[in-house]
Amino acid sequence: MPDLGLEVLWKGKNFVRLLGGLWVALRISLIAAGISVAAGIILGILASRKHSVSSVILRIWLGIIHIMPQMVLLFLMYFGTTRAFGWNLSGETAAVIVFSLWGTAEMGDLVRGAVSSIPAIQRESAEALGLQPVQVYRWIILPQAVRRLIPLSINLITRMVKTTSLVTLIGVVEILKVAQQIIEANRKASPNAAFGVYLTIFVMYYLACRLLSLAAKRLEKHWR
């Protein structure tokens, strides 16, 4: 049987360290996703109004986010703003800010699209029955929009989880950084450690994203 380098996982606390690194990546993603969902819903509702200032801001924001690679945004936030404004920003905080900006722009666009897809006749009928605009959104628009948003939102969150591998470039010790440390420490004793460690990371990422997908399917069934 070929040496896959898996034995290095059971040396000391290597496997636990990998789990800790995965948790760092998930923590950044989940905090940013929570902020993105809350801010994106507000921004998306405001931007769903035609010719509004919010829709213009969202378009410009999306344009910047789509053009700029996340790595550049991370460098700009972590290295650029700390030097320019003199504040002390940890790598993890910088990552949460960048991922939240990215997620809010995309979530806002998803919400805008979902709200705009609701036929106008439903809103007009609700207003004709005497519902206030807030009640129309609360009871008519948002329940339908949320059902359409769940798969797209989960897709955005899984992209966030996978993109967290970039945060190692600003000094955050997440799963890939831990993997590099383990491989480097066992370079001579386990020459094939890289294969085993990265294969394990592949499985961990797959399971994390798979769980998110399963949760999305359950939510979809619940909301039908």
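Me: Helices are DSSP runs of H or I with at least four residues, strands are E runs of at least two, and both are numbered from the N terminus. Where does Val-24 lie?

Reply: In helix H1, residues 14-47. This is a predicted model, where local features need pLDDT of at least 70, side-chain atom pairs count only at pLDDT 80 or more, and totals for chains, interfaces and linings use all residues. Residues are numbered from 1 along each chain as its sequence is written, and side-chain values use heavy atoms, with hydrogens and water left out.

Me: Why is Val-24 called buried?

Reply: Its relative accessibility is 11%. Buried means under 20% relative accessible area, exposed means over 50%, and partly exposed lies in between (1.4 Å probe, protein chains only). Val-24 is therefore buried.

Me: What does Val-24 touch, leaving aside neighbours within four places in sequence?

Reply: Glu-92, Val-172, Val-173 and Glu-174. Contact means heavy atoms within 4.5 Å. Ile-175 is 151 residues from Val-24 in sequence, yet their C-alpha atoms are 7.5 Å apart.

Me: Ile-41 also has its place in helix H1. What makes Ile-41 partly exposed?

Reply: Its relative accessible area is 31%. With neighbours within four places set aside, Ile-41 contacts Ser-36, Met-107 and Val-111. Asp-109 is 68 residues away in sequence and 9.1 Å away, C-alpha to C-alpha.

Me: How do you know that the span of helix H3 agrees with its number of residues?

Reply: Expected span is 1.5 Å times one less than the number of residues. H3, residues 70-85, has 16 residues and should span 22 Å. Its end C-alpha atoms are 21 Å apart, so the two agree. H3 still bends by about 30° at Leu-76. A bend is the angle between axes fitted to the seven residues ending at a position and the seven starting there.

Me: Which residues of H3 are buried, and what do they pack against?

Reply: Gln-70, Leu-73, Leu-74, Met-77 and Thr-81 are buried. They pack against helix H2 (53-67), H4 and H6. Gly-86 follows H3, with a positive phi near 75°.

Me: What span would a straight helix of 31 residues have, and what does H6 show?

Reply: The straight helix would span 45 Å; H6 spans only 38 Å between its end C-alpha atoms. H6 also bends by about 45° at Ile-141, and Pro-143 follows within four residues.

Me: At what angle do H4 and H6 pack?

Reply: H4 (residues 91-116) and H6 (residues 133-163) pack at about 145°, with axes 9 Å apart. Axes are lines fitted to C-alpha atoms, for helices over the stretch in contact, and angles run from 0 to 180 degrees between N-to-C directions. Among the residues that meet are Trp-102 and Glu-106 in H4, and Leu-156 and Arg-159 in H6.

Me: What do Glu-106 and Arg-159 touch beyond four places in sequence?

Reply: Glu-106 contacts Leu-62, His-66, Leu-156 and Arg-159. Arg-159 touches Trp-102 and Glu-106. Ala-39 is 67 residues from Glu-106 in sequence and 11 Å away, C-alpha to C-alpha.
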